[in-house]
Amino acid sequence: MTGDDVRALARLLPEVIEGTHRGNPDFRVGGRVLGTLWVEEERVVLRLSPEAQEMFCEAEPDLFQPLDGAWGRRGWTNLDLYDCEEETLRDALLAAWRITAPADLVLRYEGRPG
């Protein structure tokens with residue numbers, strides 16, 4: 001996967017907009033960052049729940065690693081794009097969106113009454 005793939009897939013999620021965080025492209029929903037793209041390093045850093053972080057890191061340890069320190073303990077997770085399959089990237093972006101998006105938006109997206 002590439003940075004362009006991340007951009008295209010992130011924009012498919014409801015109400016996601018692209019911005020900039022510390023000079024890098026980022027993706028936001030409800031005014032909160034769900035992921036930051038590091039183009040030159042071919043990676044994306046995603047905001048995951050601790051449970052999702054653990055699941056992704058155990059399933060694909062060559063692709064997913066928690067960030068060091070407090071950021072990683074709060075769920076921020078590095079995803080190396082080079083060997084990443086599209087389905088894995090889609091799943092990770094959706095997991096990041098679900099934890100970051102406002103609850104009413106997640107409910108609407110999932111078709112549940114709010």
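**Pocket and helix contact**

Trainee: Which residues line the largest pocket?
Mentor: A pocket is an open set of 1 Å grid points where a 1.4 Å probe fits, with protein on both sides within 12 Å along at least five of seven lines; lining residues have an atom within 4 Å of a point. The model is predicted: local features need pLDDT of at least 70 and side-chain atom pairs 80 or more, while totals for chains, interfaces and linings use all residues. Numbering starts from 1 along each chain, and side-chain values use heavy atoms, without hydrogens or water. The lining consists of His21, Arg22, Val33, Thr36, Trp38, Arg43, Val45, Leu67, Trp71 and Trp76.

Trainee: Which strand gives the most to this lining?
Mentor: β3 (32-38) and β4 (43-47) each supply at least two residues. With three residues, the top contributor is β3.

Trainee: How many residues of the lining are nonpolar?
Mentor: Two of the lining residues are polar and two are charged. The nonpolar count is six.

Trainee: At what angle do the axes of α1 and α4 cross?
Mentor: Helix α1 spans residues 3-11 and helix α4 residues 86-100. Their axes come within 10 Å, and the crossing angle is roughly 50 degrees.

Trainee: Which residues of α4 make the contact?
Mentor: Contact means heavy atoms within 4.5 Å. From α1 come Asp5, Val6, Leu9 and Ala10. Those of α4 are Glu86, Leu89, Arg90 and Leu93.

Key. Helices (H or I, at least four residues) and strands (E, at least two) are DSSP runs, numbered from the N terminus. Ala, Val, Leu, Ile, Met, Phe, Trp, Tyr, Cys and Pro count as nonpolar, Asp, Glu, Lys and Arg as charged, and the others, Gly among them, as polar. Axes are lines fitted to C-alpha atoms, for helices over the stretch in contact, and angles run from 0 to 180 degrees between N-to-C directions.
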